[in-house]
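Reader: I'd like to learn how to read a model like this one, feature by feature. Can you walk me through it?

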Amino acid sequence: MTDLSELDRGAAPGAADPVKVLLHRHRELCERAVDPLEIAAGLEVHGITDRTAARFRHRDVFSLAEELYARVPRDADTAADAPAVPDAQARRGDRRRSVAVLLLPLLPGTLCAAALIALARTHGQTRLYTAAAGVVAVALALRATLRRGPLALTDALASRSATGFWTCLLLAYAVLGDGLLRTAVSGGPDGLPDGTTGGDWPLAPAPLLALTLAVAPATWTAGLFLTHARRKLAASRGLEDFAASVRPVLLGAVALFLGALAALVALSAPLLDAGPVSPAVLALGALLFVARLLTVHGFTHAPRVILMLTALAQVLAPATVFAGRLPGCAALGAPVEILTAAWGPTAVPVLTCGAGALTLLVHASRTLARASAHLRPEQAR
């Protein structure tokens, strides 16, 4: 981070050109930027605020960034003087990529629905093979979807996030957890799940179908948030102004996604002849959506920690019930048994995912309201 005390000395009243010191320190950032907004966001990363900009004889960071942008020659200026040659093939390629980004998010939900239909029409060992093929197909579709578009991660962010295992654990609990907890409280289970919704250890495929179908609205909503945040950044004339204007956009994006997910939840249960899907699916969907938004913007630590804690809390819930069967350990399972008796087994994922989602949303309202959060990955370095 830039030493602000040194910047202050460069911006002293006696300095002939206080901006020149800043320009020298951040020349690489200024040369790489494609517009003044990216310089303003980069300066924020280095701790320069509107108050600091006043010491450089500017009213805010944005006006300071405009001067820096104007004073730094870039290679792009020479290229801009050359006559533009239309490339029809390149435009067609861009259109094809746009269509792919628009339609690809529909693939996970479609494959999940097809797999569940196939499961309903198979029996015995064939059902096991069908389930395995369905899991692989949906996983590959999810991977392809999340490798492009507004929810895609760079290789650096993917290596830092490391949330795949915890996400899979949360999805597994959504399918198996409530049935296991309900059976555990009543003294079971007496066997492994048989792939049906009415066995000794019942499965709940409706949440999985709703969440995979929700990949499409999650991708589109994230794209809307990115677009509107960029427009707010262009229209803002100060960091505080941008933060105040982008927070409602973030909350609106989360609300829009939850509305779409609620509609999908309402549709999924009747299609599978299952009971109403609990609010736990909405809480889990909100948790995963906000965690992905934060990760895409480079904030990987909080999502990783919250997803890990949420998954561990859900796994520990039935584990404490089983531990309570040991001699002298009845008190271990008492809290979960009391909670389940009062609110049902869905209370565990509702409380854990809801608390995690709320924590991440509060964190996102602070971090995603920064101009620096909307730098492109190559500019954030």
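Reader: Let's start with tyrosine 173. Which helix does it lie in?

Author: This is a predicted model, so take each value as computed from predicted coordinates. Tyrosine 173 belongs to helix H12, which spans residues 164–185.

Reader: Is tyrosine 173 buried or exposed?

Author: The cut-off to keep in mind is that buried means under 20% relative accessible area. Tyrosine 173 has 8%, so it counts as buried.

Reader: And what is tyrosine 173 in contact with, leaving aside neighbours within four places in sequence?

Author: Asp178, Leu181, Gln314, Pro318, Val348 and Pro349. Take glutamine 314 from that list: it sits 141 residues from tyrosine 173 in sequence, yet their C-alpha atoms are 7.4 Å apart.

Reader: How do I read nonpolar cores, then?

Author: The general idea is that in soluble globular proteins, nonpolar side chains tend to be buried together. In this model the largest nonpolar core has 66 residues. The residues with the most contacts inside this core are Leu43, Leu64, Leu68, Phe225, Leu287, Leu360 and Leu368.

Reader: Which helix gives the most to this core?

Author: Helix H15, residues 239–271, with 12 residues. There is also a second, separate core of 7 residues, and tyrosine 173 shows up again there: the members include Tyr173, Leu181, Ala317 and Val336.

Reader: Let's zoom in on leucine 360. Where is it found?

Author: In helix H19, which covers residues 347–367. Leucine 360 has a relative accessible area of 0%, so it is buried.

Reader: What does leucine 360 touch, not counting residues up to four places away in sequence?

Author: Leu287, Val290, Ala291, Leu294, Ala302, Pro303 and Ile306. You can read the pairing with leucine 287 from the other end too: the contacts of leucine 287 beyond four places in sequence are Leu170, Ile306, Leu307, Thr310, Cys353, Gly356, Ala357 and Leu360.

Reader: What about valine 61?

Author: Valine 61 is in helix H6, residues 61–71. Its relative accessible area is 0%, so valine 61 is buried. Beyond residues up to four places away, valine 61 touches Ala40, Leu43, Ile48, Thr49, Asp50, Ala53 and Leu239. Leu43 you have met already, as one of the residues with the most contacts inside the largest nonpolar core. The C-alpha atoms of valine 61 and proline 36, 25 residues apart in sequence, are 9.9 Å apart.

Reader: Why does threonine 219 count as buried?

Author: Burial is read from the area, and buried means under 20% relative accessible area. Threonine 219 has 3%, so it is buried. Threonine 219 lies in helix H14, residues 215–235, and touches Pro105, Thr145, Pro150 and Leu151, again not counting residues up to four places away.

Reader: And how do I read the in-between cases?

Author: Alanine 334, in helix H18 (residues 330–343), is partly exposed because its relative accessible area is 27%. Its C-alpha is 7.5 Å from that of glycine 324, 10 residues away along the chain. Leucine 106, in helix H9 (residues 106–120), is also partly exposed, at 39%.

Reader: Now zoom out to the protein chain. How many helices and strands are there?

Author: There are 20 helices and 0 strands. Of the 381 residues, 43% count as buried. The chain exposes about 19600 Å², with carbon and sulfur atoms supplying 65% of that. Among contacts with a separation of 6 or more, 76% come from residues 24 or more positions apart.

Reader: Last one: how should I read the confidence?

Author: Where pLDDT is low, the predicted coordinates should not be read in detail. Here the chain has a mean pLDDT of 80, and 81% of its residues reach 70 or more. Over residues 1–14 the pLDDT is below 50, and this stretch has 24 contacts beyond near neighbours in sequence. Residues 377–381 also stay under 50, with 7 contacts beyond four places in sequence.

Technical notes. Residues are numbered from 1 along each chain as its sequence is written. Side-chain values use heavy atoms; hydrogens and water are left out. pLDDT is the predictor's confidence in each residue, from 0 to 100. Contact means heavy atoms within 4.5 Å. Helices (H or I, at least four residues) and strands (E, at least two) are DSSP runs, numbered from the N terminus. Buried means under 20% relative accessible area, exposed over 50%, partly exposed in between (1.4 Å probe, protein chains only). A nonpolar core is a set of buried Ala, Val, Leu, Ile, Met, Phe, Trp, Tyr and Cys residues joined through side-chain atoms within 4.5 Å. Accessible areas come from the Shrake-Rupley method with a 1.4 Å probe; for residues, only the protein chains shown count as cover.
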